[in-house]
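Subject: Structure handover, with notes on salt bridges

Hi,

Here is the structure for your files.

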Amino acid sequence: MKTTRTSLLFILVLITLTIQAQVPFGGRNQGPTITGKISGILQDSTANTMVEFATVSIYKKGTDKVVNGTVSEEGGVFKIIELPLGTYDVQFSFIGYTTKTIHGIDLTPEKPDADLGTVLMSSDQLMLDEVEVVGQAAVVENKVDRIVYNADKDPSTAGGDATDVLRKVPLLSVDMDGNVSLRGSSNLQILINGKPSGMFSSNVGDALRMIPSDQIKNVEVITTPGAKYDAEGTGGIINIITKKKTIDGFSGSVNGSLGNIQNNGGLNFNFARGRFGLNGGGGTFFSWPQDGPSSFYREDYLENAVRTLSQVGNTTTQRIGFRGTAGAFYDINAYNSINTSFNLRGFNFNRDGYQDAVFTDPYQGLIQKYRRTTDGGSGRDGFDWNTDYKKTFKNPGQELTLAFQLSGDNSNNDTELGTAYESGGNDLRQKTFNDGKNREYTLQTDYTHPFSEKLKLETGAKAVFRKINSDSRYSIYDYNLSEFVNDAQRSNLLLYDQDVYAGYGSLTVNFNAAYSMVAGLRYEHTSIAGDLKQGETTFSNQYDNFVPSLIVSRKFKNYSTLKISYVRRIQRPSLEYINPFQDISDPLNISYGNPDLNPELSDQYDLGYTAFLKGSVLNSSIYYRRTKDVIERYLNIDAEGVAATSFQNLGLSENYGMNVFGSFPITKFWTLRSSIDLNYLNISSVVDGEPVSNQGFQYRIFGNTSFKLKKDWQIEAFGFFNSPRFTLQGTFPSFSMYSIGISKEFLNKRASLGIRAVSPFQKYLNFKTELSGETFTQTSNFSMPFRSVGITFRYSFGKLDFKARERGSSIKNDDLKSGGDNQMGGNNMQQQQKK
């Protein structure tokens, strides 16, 4: 079977290369494509101030066809690079100014670059009477298949980590543990710079806390992934793009924050000379020890009696971690280049706590009073190494990439548990150990061929080989021997292999200036094999999936867009879900994974509309998602009163929803952004022969406002509220917060200093969980210290001379459940977002 699948992959690669060889690419005598550049500075003709955030549109000479564009940056600077040689008209437009056009700009092989110098723009007094000038860059952009949140334009995220950034992204929700959901679904794939990372194979929240917010450039939320993306992630894809610059010369930055809860620091550098470049950086973070009180109460309904368990206690936690990256590129010649990157990470979480408990069981005539203590920690470390080779051709946009990735992730959990009885039992001491090892090998090839401006083909093949080991050991203290003795009955070793083979094809069709379409089909074959050494249990499974996707777009005047889409997605369980290791920190509430899980399969339909009006942006959509074999936690209580929580495939869920996002300029210095997502979830299953269901409305409300003041001062504030999330057995906690950040730039904007406050009037956030079944009800509450105040700083150094050549990895392993933009006018539409 392995040989057959390897042959299949070879055939898919051969097909890709055959297409490359057979499709005509242009005349043989053409040399390397030379591209040009148009640059300059926009200035107010009356006030002599620079005009920032104006729209710069490039037209083919004498036509109304926009071929490229940008938005003027700070200081009025604009630059459009990698333009095919030819003759162009350049149009400049901005609210409050008369539109200006410069005609007949020639880019020739002898003079491919055109510097327009200072371009003067005249105020339009009539327009100024009607609207206010918008003087701020877009924090949120809307593209045809994704929403982009520009974290580097939001000062209130400084000093935090990736969880703080994701909490501000439209459509996303992040709970107290750092778990992320998109429009009510937690079945997502998270990428770093368009690539998968083993850091997300286990605890998503811990992984996100490893990434300082100051290293994040933007976040892409892809609600309708095309065929080029792995089929995994029924809810969608989140792509976190870190700050990485390609420059001639040397530059870098130092940043950090110091606060009463969390602290971090980082250093980043970039160097390039000619066809060779290096980049790298590193950072660390740590939190001060924090106390979190908690409470728990459960009632079990027995025949003519009620069994109860109540607990009250406190846990002290502390986190520390680091992350380092390094990368290099080399342009072999005009057609060939190679790019490689490596990142290393580590994380440690310590906890020390107690719970005072009372357990009553009328049937056994038992009343137990005891104190449980927990002393231990968990650690994780890992790496990702990517190497890509890219070949371009004479035909613009035509390219072939070959990529390899090696990822590794190691985890360990070492905890000592104690139970001291006041009455009703014998003292107990236990130790638990769990060591995990995850290795992932990926081979991928992608080919893009634009037949014309109206037709583009993308195709490729991919193979992913995953090997996961989980070694769990338990020991019990023998009071007679005065030592811990291994508990062989509960100890186990899981060996788990998962191989995925895939091929895809995607076609982009621009029918005319108004209508366009992206249609794709992806095939994936999955093979699973596992071995549990305790009991000599083996299991295996394999399945095939055809995953279609379709996006149809209609553009209107003023770049408003109507989009309808359909996509099928699957969700495979990751190590967190299949690991059979038992968490027995609470002997009456244990949890463990399920290696027999099947993947989820979902179908999603979207209808969306984006409008632009006098500087405002309004994006709205309605959607329907149907998911089979939903993976959820499920709680069962045995005859002894022990509650066991594991993951199961629980039937069918249907999600009906709508979301609205808007960005509104109040004045030229003040912008308001807000979003709301409302959805109705209905989840149903059959458990022990009886139908079970739960349903309800879920919502997320978000608001953000920013003020850009004189002398480089800026104020940013935001807040959000999440409703409780529904599961088959109940609800999980809601989560709300607010924060404000103030910053000042100086040293010619190379440095900034700021202060950030999070929930300043609320010391603790309370998270209440409610679960119920036919024979029980359960409530728990955990309080987490959240009020924080911190100082942030940043300093940049070196010469910045940016280039726009793309050097990211093409590998995107978006295919495990763990908590490329198309060309349908999204770029041009976004360039008009400031109009």
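Arg429 is partly exposed, at 29% relative accessible area. Its salt-bridge partner is Glu416, with the closest N and O atoms 2.9 Å apart. Glu416 lies in strand β22 (residues 399-423) and Arg429 in strand β23 (residues 428-452), 13 residues apart. Glu416 is partly exposed too, with a relative accessible area of 30%. Keep in mind that this is a predicted model.

Next, Arg345 and Asp384. They form a salt bridge, and their closest N and O atoms are 3.0 Å apart. This pair links distant parts of the chain: Arg345 sits in strand β20 (residues 336-361), Asp384 in strand β21 (residues 366-392), and 39 residues separate them. Are these two side chains buried or exposed? Buried means under 20% relative accessible area. Arg345 has 1% relative accessibility, so Arg345 counts as buried. Asp384 is at 2%, so Asp384 counts as buried as well.

Asp603 and Arg568 meet in a salt bridge at 2.8 Å, N to O. Asp603 belongs to strand β32 (residues 600-613) and Arg568 to strand β29 (residues 561-573), so the bridge ties together parts 35 residues apart in sequence. Asp603 is buried, with a relative accessible area of 14%. Arg568 is partly exposed, at 26% relative accessibility.

Across the whole structure, the search finds 22 salt bridges.

Best wishes

Terms used
Residues numbered from 1 in each chain as written. Predicted model: local features only at pLDDT ≥ 70, side-chain atom pairs only at ≥ 80, totals over all residues. Heavy atoms only, no water. Salt bridge = Lys/Arg side-chain N within 4 Å of Asp/Glu carboxyl O. Helix = DSSP H or I, 4+ residues; strand = E, 2+ residues; numbered from the N terminus. Buried < 20%, exposed > 50% of the residue type's maximum accessible area, 1.4 Å probe, protein only.
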